[in-house]
Amino acid sequence: MSEIVVQKENGTVKKNLTIKNILSKFAPLIGLVLLVVVLTVLSDRFLTVNNVMNIARQSSINSLLAIGMLLPILTAGIDLSVGSVLAISVMLMGVTTVNMGSNPFIGILVCLGVGSGFGWFNGILLTKLRLPHPFISTLGTMNIARGIALIITAAAPIAGFPYMIQFMGREFVGPIPVSFILVIAVYVIFHIFLTRTQTGRYIYAIGGNPEAARLSGINVDRVLIIVYTISGLMAGLAGLVMVGRVNSAFPLAGLSYELDAIAAVIIGGASFLGGVGTVWGTLIGALIIAVLRNGLNLLNVSADFQMTIIGAVIIAAVYVDVLRQRKNKKK
Amino acid sequence: MDVETKSLLEIRGIKKSFDQNHVLKGIDFDVKAGEVHVLLGENGAGKSTLIKILTGAYQKDAGEIYWEGRMVDLNTPVDAMNIGIATIYQELNLIPQLKVYENIFLGRELKRSGKRSLLDHNAMHEEAKRCLKMLGQNPNIADMQVSRLGIGQQQLVEVAKALALDAKLIIMDEPTSSLSAQEVDQLYKCVESLKAKGIAIVFISHRLEEIRRLGDRITILRDGFKIDTLQVRTTETDYWIELMVGRSLDEKFPKQNFTLGKEGFRVEGLEVEGTQEPVEFSVRYGEIIGISGLVGAGRTELARAIFGADSSKNGKIFIDGKEVKIKSPRDAINSGIAFITEDRKGEGLLLDQKLDFNIVMANMKKFTGKSRLIDLNAIREESENYINELKVRPNNLELNARNLSGGNQQKIVIAKWLCTQAKVFIFDEPTRGIDVGAKVEVYRLMNRLVENGAIVIMISSELPEILGMCDRVLVMSEGKFTANFKIEDASQEKIMKAATGG
């Protein structure tokens, strides 16, 4: 046991650098590494440049939704609407660019704008209408957005997007997919946002104790509206990447994607009770899901089994977290 | 008390550690039937851990527990309950949506004879009424929903629950800390009637007067050791404190007098929630103003109204003669007002965030540069200064607020407000639940604030503290100021009289 004890005047400062502590702190990362090792042993097609880039590409949509989802979860909330908001965003982008032939940049703006708009609406429902929990408001929005997405084209898909719009989801820089570069850039920005800006820190404060935050002069409603707007924006961005990959927009796009996004955030160590969670944990959570899916595909495990295994991973990850917290409480 | 009475509960050599942290280092202690045995110790002395071992929430590492002379193991809370130990925690464990009698029988509901699945509401009702009567309560509250009762009555429901369990020993963990004076009186009466029925009580309190009034014996803990067990009647309060803190405190109230300056803070025509008449008062530089009164008299509501914490009402607030508009806590902070709330955990701290974030969260602007990014080094440096200045222990910024004792948590809340560079400090029950040593440090800090030109207002239910630290005391009753005493003219009796509206 390596334990550093620093003696200061009256107080004793203890830093536990025991192996156990390190293990529990980096549990998600260790899980990912173990998973990679196991899959490398089981399949010689797993650890190849091609396949790794494949995983990077496959994970990007969920990674973007998950980082958006992290914010509501940090405030002890949730955003169930992201999958549907993704769909309505890409459908309206399709209508403007394909059906109306607008400039692709306007299409991208519409896509991100619609996403943000629905997110903002979620924020307003929560803070101004004072609906009791975002589970309810975003459940409503989820259905509204999906419904509109279906109504717009009478459930028909829209194909044939201009190259500019497909760029993000389709192109590569060398072997690296642009969508993954986008993910990394977005995660860096989120990391800086959450750790180094006032609003970012306020998100943690509100999740930890909304009343203390309010009495410390934090405009809680404003921060919550920003949180849900950003979550919606990320749904729009994920939609943009998706359109690039499949070269079409369809009303059932992103169906139940919110569940994988929530799973990534939770596997990444964020607490449903708010105030706890990191950007890098979320990335690892999203990668764990992508690696698992990819590896199971390579091993020819059927989709039904995959679902079962991912469910078990979510429960196991959260249980590790519960154990970790129980240990902290006892101290 | 008959010294020869056999002990109901006796423990010997109890030890308990968490990781490397030895919390209890061999405690001996005993309680006799019909006795009120007080546990006294600073925050962190080991009281809570000891209690949790007696209630089966924690397991001892070493030592023996005897109940009515037989050795017992208390592995779970149910074990403790079954032999007759009940606990009333500071945080009440009632379900507000259920009725009083349902709470009293929660988890061990009475069934109708012969029908194992149907509840016998009548029997539970009658039994609940009997227990409430024993406590001198109106038995008809058995039918009320708990959420409609005041905190004091809720606590008595907890006691009734213990009685319904046939508890022989009731542990009360700071039961009076959030009660009004009337409720406290009721609780005292209830304790006395329990005692008369031969029920033993382990009583934890920081309030020395109440220990003197209720206690038979007192056991003092310090740093995980039992220092001594004394007869309450034959020993001096100062001696208890000396044993508790390990040194003699020169002064419980280190009052300093400063020359009185001009008026610095004024409230006019402020409409406070739940009151009929608008309130006004003013404070001059160089004085500490106390606001006293019963719980529920509107003191906290007044502070919240000044601070903009509740939806805005009419009224004017002046700082240095200039009116400031306050519609929200943000406005209040920008105007230089700080509000150290009564409920540290619920309204003051982010328990699962590090100390430095807790300290700077009300003034992040200060650490945000032109780039819109916050300067983490500056935050750390400034937080370290506060932690050293206020002697927070342990002085480790990496800890989460949850890991500190009550007194140190209070210092973090105070540091948060010092960090806002406030000019007006409203303290709401600043020393509740913190030990004598930390109290004195809070008082000294108030002195320093006044000396450095701040306005200090202290809301407190502790009359000795009001009389010991303030220059002037305003008394509130039912939302109105009923008295304004210079401290030389005030006494506990006069304040209580004004507080009860008499």
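**Exercise 1. Which strands pair in the sheet of chain B, and which stand at its edges?**

Step 1. Begin with strand S1 (residues 7-18) of chain B, which pairs with strand S4 (residues 62-67) of chain B in the antiparallel sense over five bridges. Strands here are DSSP runs of E, at least two residues, and helices are runs of H or I, at least four, numbered from the N terminus; two strands pair if DSSP finds at least two bridges between them.

Step 2. Pick out a bridge: B:Arg12 has B:Glu64 in S4(B) as its partner.

Step 3. Widen the view to the open antiparallel sheet, whose four strands run S2-S1-S4-S5 in chain B. Strand S2 (21-32) and strand S5 (70-71) of chain B each have a single partner strand, so one side of each is left without a neighbour in the sheet.

A note on the model: it is predicted, with local features needing pLDDT of at least 70 and side-chain atom pairs pLDDT 80 or more, while totals for chains, interfaces and linings use all residues. Residues are numbered from 1 along each chain as written, chains are lettered from A and ligands numbered from 1 in the order written, and side-chain values use heavy atoms, without hydrogens or water.

**Exercise 2. How many residues does each chain bring to the contact, and which side chains meet in a salt bridge?**

Step 1. Count the contact (heavy atoms within 4.5 Å): chain A gives 31 residues and chain B gives 35 residues.

Step 2. Look for salt bridges (Lys or Arg side-chain nitrogen within 4 Å of an Asp or Glu carboxyl oxygen): the rule finds one across the interface. A:Glu211 and B:Arg304 form a salt bridge at 3.5 Å, N to O.
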